[in-house]
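Dear colleague,

Please find below the structure that I am handing over to you.

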Amino acid sequence: MTTNIILLGPPGAGKGTQARRLVDERGMTQLSTGDMLREARTSDTEMGHRVAEVMDRGELVTDDIVIGLIEEHMEKDRTNGFIFDGFPRTLAQADALARLLEKHGERLAAVVEMQVDDDVLVKRITLRATCAECGAVYNDEMRPIPSDGKCETCGSTEFKRREDDNEESLKQRLLEYYKKTSPLIGYYYANGQLKRIDGLGEIDEVAEEIDKVLD
Ligand code: AP5
Ligand code: MG
């Protein structure tokens, strides 16, 4: 059995940033439904167009689509433990994940809830940039792109901004989080799997908190 964790938190909580570090340092596998959907939306199909519209509005994509994506990746990406980043986001997704873990003979080591105040999230999201090549996450203020203009991880000089990283979509993403995803906090608390951490500190401080939970 390997160590599998969920990173749970609102948009901009730092799930992706911390997941990538765990991949580098522990050889875990990041399963980000957001990244999978951003890839799916580039396909010129009806499904791709539908996903793009829903994401840009800041709403949740339907459960069957995201569960299907997770199922597919759990089959082919098995390594030193999964980091579920941005999944599950509804109680139906949480139930599906429990079934999938059982099927693979795995279990959750912890559900890490990253707590960050809403006003901080706006700043994090609207100033975010991502490496177009490897997906490394930067922030104009908190983690600037190196002064030579090259990504620290892969050396690429191309960076992009997400379509849904504007104040209007973010408002909707936050509403969706509180309405549909935050009930998972109570669900995992009742299961005895919830670990709350302060997501407001520096990136390294938050990393330390997560390491404490994992070790
Ligand atoms: P998704 O891609 O999952 O977006 P999200 O949940 O809104 O979260 P973000 O990726 O915006 O934030 P993050 O927590 O990863 O923060 P990051 O590390 O980048 O989902 C996008 C959309 O896809 C959804 O709206 C929905 O439509 C759809 N979707 C995805 N999954 C779905 C599902 N399961 N079901 C249905 N629909 C789904 O950090 C943010 C910024 O802050 C960066 O600039 C970073 O450098 C900075 N930062 C990070 N940590 C710190 C820190 N400690 N201090 C200072 N700055 C920091
Ligand atoms: Mg993310």
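An oxygen atom of ligand 1 is 2.9 Å from a polar backbone atom of Gly16, a polar contact being a pair of N or O atoms within 3.5 Å. A ligand oxygen also lies 3.2 Å from a polar backbone atom of Ala13, and one is 2.5 Å from an N or O atom in the side chain of Thr17. Taken alone, ligand 1 exposes 1,000 Å², of which the protein buries 97% (Shrake-Rupley method, 1.4 Å probe).

This is a predicted model, in which local features need pLDDT of at least 70 and side-chain atom pairs pLDDT 80 or more, while totals for chains, interfaces and linings use all residues. Residues are numbered from 1 along each chain as written, chains are lettered from A and ligands numbered from 1 in written order, and side-chain values use heavy atoms, without hydrogens and water.

Of the 35 residues around ligand 1 (a heavy atom within 4 Å), Thr17, Glu59, Arg89, Arg128 and Arg173 come nearest. Helix H2 (33–40) gives the most to this shell, with four residues (helices are DSSP runs of H or I, at least four residues).

The second largest pocket holds about 370 Å³ of space. Its lining has 17 residues, and Thr17, Arg20, Arg21, Asp24 and Arg143 are the closest to its centre. Helix H1 (15–26) gives the most to this lining, with seven residues. A pocket here is an open set of points on a 1 Å grid over the protein atoms alone, where a 1.4 Å probe fits, with protein on both sides within 12 Å along at least five of seven lines; lining residues have an atom within 4 Å of a point.

Yours sincerely

Notes:
Grid points are joined across faces, edges and corners, and a volume is the space filled by probe spheres set on the points. Helices (H or I, at least four residues) and strands (E, at least two) are DSSP runs, numbered from the N terminus. A polar contact is a pair of N or O atoms within 3.5 Å; within protein, one must be able to donate a hydrogen and the other to accept it, and residues adjacent in sequence count only if both atoms are side-chain atoms.
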